[in-house]
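Colleague: Please take a close look at a single part of this model and describe how that part sits among its surroundings.

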Amino acid sequence: MEKEVYLENPCKASSLPFWKTNLVKIPDNMKIVLDDDTQSVDVREYIDEPYFKLIHRMNGMEKPLLDSGYELVCCEAAEYADHIAACYDDISISSEELVSYQAHTVYDRELWVAVRECRQNTIVASGIAELDADIKEGILEWIQVSPGYRGRGLGKFIVNELLWRMKDKAEFVTVSGKVNNPTNPRGLYKACGFTDEEIWHVMRKKFKGALQ
């Protein structure tokens with residue numbers, strides 16, 4: 001995909017951030033289509049998982065404030081991996097995989113953040129973002145809050161802190177995630193100023209025995 005095509009409408013041009021669009025090969029048993037184009041696919045043959053993609057145009061940002069009792073800290077990849085595993089029932093990533101992120105051209109150490117609850121000395125929120133300096137696209141990759149600490153504004157702090165750190169580096173920031181995530185990340189991102197939502201359908205072909 002050409003840069004100009006992507007930059008015209010990042011959410012509609014690709015379900016992926018630009019740096020991945022020409023690297024990732026879609027498997028033969030999978031289709032990724034925009035919501036408007038699902039009529040071109042026989043949905044009976046596929047298991048459909050809808051994903052949203054949103055964009056932040058880096059307008060109206062203010063440096064976020066962290067409530068007393070919490071502090072921003074630096075962590076190792078293993079600590080991020082442990083926290084991610086503690087936040088999801090169906091998603092995990094190994095510390096080795098996270099270490100491999102550091103070899104990506106979009107890696108920026110300043111965009112790995114974590115919040116520790118001081119009294120318990122425990123990581124309770126974390127986030128990882130990436131920066132494509134070539135087209136000035138920031139990408140939110142991992143944003144999570146420990147189950148017992150949700151609803152306290154920590155997710156919003158993590159998102160806004162990452163946006164603030166990218167304000168002089170990125171012209172826009174994109175994020176995507178599962179539409180049907182029960183923790184409602186879409187609501188969080190929209191509350192943080194993300195707009196222009198597009199829905200992408202990741203459609204995996206059913207086994208023949210599972211066809212209805």
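Modeller: E4 and E5 pair in the antiparallel sense over six bridges; two strands count as paired if DSSP finds at least two bridges between them. Strands (E, at least two residues) and helices (H or I, at least four) are DSSP runs, numbered from the N terminus. This is a predicted model, in which local features need pLDDT of at least 70 and side-chain atom pairs count only at pLDDT 80 or more, while totals for chains, interfaces and linings use all residues. Residues are numbered from 1 along each chain as its sequence is written, and side-chain values use heavy atoms, with hydrogens and water left out.

One of the residue pairs here is glutamate 71 with its bridge partner in E4, arginine 116.

As for burial, the term means under 20% relative accessible area, with exposed over 50% and partly exposed in between (1.4 Å probe, protein chains only). Six of the six residues of E4 are buried, so the strand is largely enclosed by the rest of the structure. Both faces are covered: Trp112, Ala114 and Arg116 are buried on one side, and Val113, Val115 and Glu117 on the other.

Arginine 116 deserves a separate word. This residue is buried yet has no salt bridge, and the nearest side chain of opposite charge, glutamate 71, is 4.0 Å away. A salt bridge is a side-chain nitrogen of Lys or Arg within 4 Å of a carboxyl oxygen of Asp or Glu; Lys and Arg count as positive, Asp and Glu as negative, and His and the chain ends are not counted. Leaving aside neighbours within four places in sequence, arginine 116 is in contact (heavy atoms within 4.5 Å) with Gly69, Tyr70, Glu71, Val73, Glu79, Asn121, Thr122 and Ile123.

The buried residues of H4 (77-87) are Ala77, Tyr80, Ala81, His83, Ile84 and Cys87. Seen down the axis of H4, they fall within an arc of 165 degrees, so they line one face of the helix; the arc is that of the directions from the helix axis to the C-beta atoms. Their cover includes helix H5 (95-101) and strands E4 (112-117), E5 (122-132) and E6 (137-145). On the other side of H4, Asp82 and Ala86 are exposed.
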